[in-house]
Amino acid sequence: MSRIFVKGNEAIARGALDAGCRCYFGYPITPQNEIPEYMSRVLPGIGGQFVQAESEIAAVNMLLGAGACGVRAMTSSSSPGISLKQEAISYMAGSDLPGVIVNISRGGPGLGDIGPSQGDYFQAVKGGGHGDYRQLVLAPASVQEAYDLTMLAFELAFAYRNPVMVLGDAIIGQMMEPISQREPVHPDPDESGSWRLEGSGERKPRVIKSLRLAEGSLGDHNLHLQEKYEKARRECRHEEFLTQDAELVVVAFGSIGRIVKSTIRRLRQEGYRVGLLRPVSLYPFPSSALQELAGQGRRFLTIEHNLGQMVEDVRLALCGQARCGVYGHLPGNLPTPDDFEEPIVKAMKERK
Amino acid sequence: MSVYQDVIIAGFGGQGVMIMGSLLAVAAMESDLQVTYIPVYGPEMRGGTANCTVVISDEEVGSPIIKRPLSLMAMNRPSLEKFQPRVKDKGLVVFNSSLVDARLADNGRVEVYKVPANDIAADLGNIRMANMVALGAYVRVTGIVELKAVQHSLEKVIPQRYHHLLPLNSRALEAGTEGVSRCQKTGV
């Protein structure tokens, strides 16, 4: 199949369009500007809408509006801009509305820098907005995966009527790799037919809202949400690399996952029995895969581009069955395979 | 693994190092290899050195970022000074000898090739072709992809508005393969 050579950001835009995305709303911020740039070029010509909004908050509320109309739509930003979008994401979750949010994250907190970082793990996975809700989170490690997971994000958003986040970083957004595009999806026009707003005509009007004041209704709605999240557990995705005979399993996601893979290849040549588990879905988290490895007596080390966030989910999954250390790479520093050699070797030598 | 090469390509902003990297990467893709290209962007693009990294392999590429590369293309002196010490022992350096004193080459530790890229480009009538000359030299000494694959990839990488320059770019790549020579020993 013929391949094209594109940036991660462009792959995300192409994935969205091939998934049937027809509305994009955004506000510029580095390092994700190639997403709106590509969308602004293509969407108007295929009957879609591109809006450069007056702010991130306006953009994400337009996403909410498009979702309420059953339209496949997306917004994208980078860390500080994603913080601004949290209120609307909570409203979308509270209203059972689909939508795709892309975070090409950068160093933080605050304005931080424009380099790569995974400091937004907690915000993405634990919910940066208020209320007892979850969003599904997918973390690509290559440009092809950025394309594929963006397509998947739209499927999941509509299957579960829930916001879905694609969480990348400046590495995933800015690097270029060959990708193979798939056949574009033509969404079933009825996929939102039972709930979207389209003018009631003869039928009973529909109301989409997150305010639930009637006695018992908010409790019931929260139960409904939890049932939905329980169902979404089947969407767990992860990659294992050389775990079969590994004494130590490194857990790392996104760009760090693939960088660590290079370290592991090198250490394998020196005889270290080390493998990798890379969560692809961060929520739902691939806990059972970790539990299985723990049951086989493996030890664990989490490596991430922050000072220790995902490690909390790894430890929760392991539930005391196995210990997991953490090596945090500082934001403001480009991670390379060399950086992870020493921490992995050290963890391998630490015998109980 | 049978095919693997990684390279840092560096120069000043404006010398076209990003195009060199993306052209090499597309040529690798067209040669059915796996490849990753990552630019260093941001403040460094505005003055000082600009650089990008290309990793080529016949299997899945791991890290797109390389601290100690197997090879380096240095288009100016600051780039050679900054990145040459990082090249792995017995690695390979191709530098633009029109702008860099050959005595700075760390010959012996690494294999060094010089190409007077600016002079060759000026002889071709357009000094902006120096990047293509250097890339031609690199492709010749590494053999990582065929020169023809690079030439065929030009039209995919060079913006449409410069397509009248495709034949000249192609000639510059070829001139680079002819103009490159191995530095015999340090200081020569």
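This is a predicted model: local features need pLDDT of at least 70, side-chain atom pairs count only at pLDDT 80 or more; totals for chains, interfaces and linings use all residues.
Axes here are lines fitted to C-alpha atoms, for helices over the stretch in contact, and angles run from 0 to 180 degrees between N-to-C directions.

Which residues meet? Val17(B), Ile19(B), Met20(B), Leu23(B) and Leu24(B) come from α1(B), while Asn131(B), Ala134(B) and Leu135(B) come from α4(B). Being in contact means that C-beta atoms, placed from the backbone, lie within 7 Å. By class, this contact has 7 nonpolar residues, 1 polar and no charged (nonpolar: Ala, Val, Leu, Ile, Met, Phe, Trp, Tyr, Cys and Pro; charged: Asp, Glu, Lys and Arg; polar: the others, Gly among them).

## α4 meets α6 too

Helix α4 (residues 130-142) of chain B also packs with helix α6 (residues 166-179) of chain B, at about 50 degrees and with axes 6 Å apart. So α4(B) is oblique to α6(B), and this crossing is right-handed. Among the residues that meet are Ala134(B) and Leu135(B) on α4(B), and Ala172(B) and Leu173(B) on α6(B). The contact splits into 9 nonpolar, 5 polar and 2 charged residues.

Helices (H or I, at least four residues) and strands (E, at least two) are DSSP runs, numbered from the N terminus.

## Where chain B touches chain A

Here 18 residues of chain B are in contact with 19 residues of chain A. On the chain B side, α1 (17-30) and β2 (34-39) each supply at least two residues, and β2(B) gives the most, with 5. That side has 11 nonpolar, 5 polar and 2 charged residues.

## Two domains in chain A

Chain A is divided into domain 1 (4-197 + 222-234) and domain 2 (237-349), with bounds from an automatic or database domain assignment. Their contact takes 28 residues from domain 1 of chain A and 21 from domain 2 of chain A.

## Reading the numbers

Residues are numbered from 1 along each chain as its sequence is written, with chains lettered from A and ligands numbered from 1 in the order in which they are written. Local features need pLDDT of at least 70, side-chain atom pairs count only at pLDDT 80 or more, and totals for chains, interfaces and linings use all residues.

Key
Two residues are in contact if their C-beta atoms, placed from the backbone, lie within 7 Å. Angles under 35 degrees count as roughly parallel, over 145 as roughly antiparallel, 65 to 115 as roughly perpendicular and the rest as oblique. A crossing is left-handed if the near helix is turned anticlockwise from the far one by less than a right angle, and right-handed if clockwise.
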